[in-house]
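Please look over the sequence and the structure shown here before reading on. The report that follows takes up charged pairs, then a helix, then a strand.

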Amino acid sequence: MITITAIIRAKSGQEAALRRALLDVADHVAAHEPETLGFHVSQSLDDLAVFTTYERFATKAAKDAHNASDAVARFFAQAEVLIEGEAILHTCQEVTGGG
């Protein structure tokens, strides 16, 4: 199982717009990416500008298809307006899968 964790900080005043943009990606994943086994979006309780995504893919091909999707392209097209700094991305091999 391949995973991606992304930590993303919204620009001041863009928290709601970033949340909507991330949820648009999640909606696309649910409707069109059966090999993306999870796409979870979290918003920090301590700092509402900080979002984390946790993404699980059945295969590398599924990860690559997700990253090449129109939904991800639309998200990153908005990044300059919505995101402060660079998103922090970690691509990993899942070691344990639950519980």
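## Salt bridges

A salt bridge is counted here when a side-chain nitrogen of Lys or Arg lies within 4 Å of a carboxyl oxygen of Asp or Glu, and by this rule the count comes to four salt bridges. Side chains of opposite charge can pair when their charged atoms come close.

One of these pairs is Arg-9 with Asp-47, whose closest N and O atoms are 2.8 Å apart. This pair links distant parts of the chain, since Arg-9 is in strand E1 whereas Asp-47 is in the loop between E2 and E3, 38 residues apart. Helices (H or I, at least four residues) and strands (E, at least two) are DSSP runs, numbered from the N terminus. Arg-9 counts as partly exposed because its relative accessibility is 31%, and Asp-47, at 27%, is partly exposed as well; buried means under 20% relative accessible area, exposed means over 50%, and partly exposed lies in between (1.4 Å probe, protein chains only).

## How the model is read

This is a predicted model, in which local features need pLDDT of at least 70 and side-chain atom pairs count only at pLDDT 80 or more, while totals for chains, interfaces and linings use all residues. Residues are numbered from 1 along each chain as its sequence is written, and side-chain values use heavy atoms, with hydrogens and water left out.

Lys-60, Lys-63 and Asp-64 are linked in a network of salt bridges. Asp-64 meets Lys-60 at 2.8 Å, N to O, and its closest N and O atoms with Lys-63 are 3.0 Å apart. Because Asp-64 and Lys-60 are four residues apart in helix H2, about one helical turn separates them. An α-helix has 3.6 residues a turn, so residues three or four places apart point the same way. Asp-64 is partly exposed, with a relative accessible area of 31%, whereas Lys-63 is buried, at 13%.

Helix H1 (residues 15–32) has 18 residues and should span 26 Å at 1.5 Å a residue, which agrees with its end C-alpha atoms being 26 Å apart; the expected span is 1.5 Å times one less than the number of residues. Its buried residues include Leu-18, Leu-22, Val-25 and His-28. The buried residues of H1 pack against several elements, among them strand E1 (2–9), strand E2 (36–43) and helix H2 (60–67), where contact means heavy atoms within 4.5 Å.

Strand E4 (residues 88–93) is hardly covered, for the count of buried residues among its six residues is zero. Six bridges join E1 to E4, which run antiparallel, and two strands pair if DSSP finds at least two bridges between them. The bridge partner of Thr-5 in E4 is His-90.
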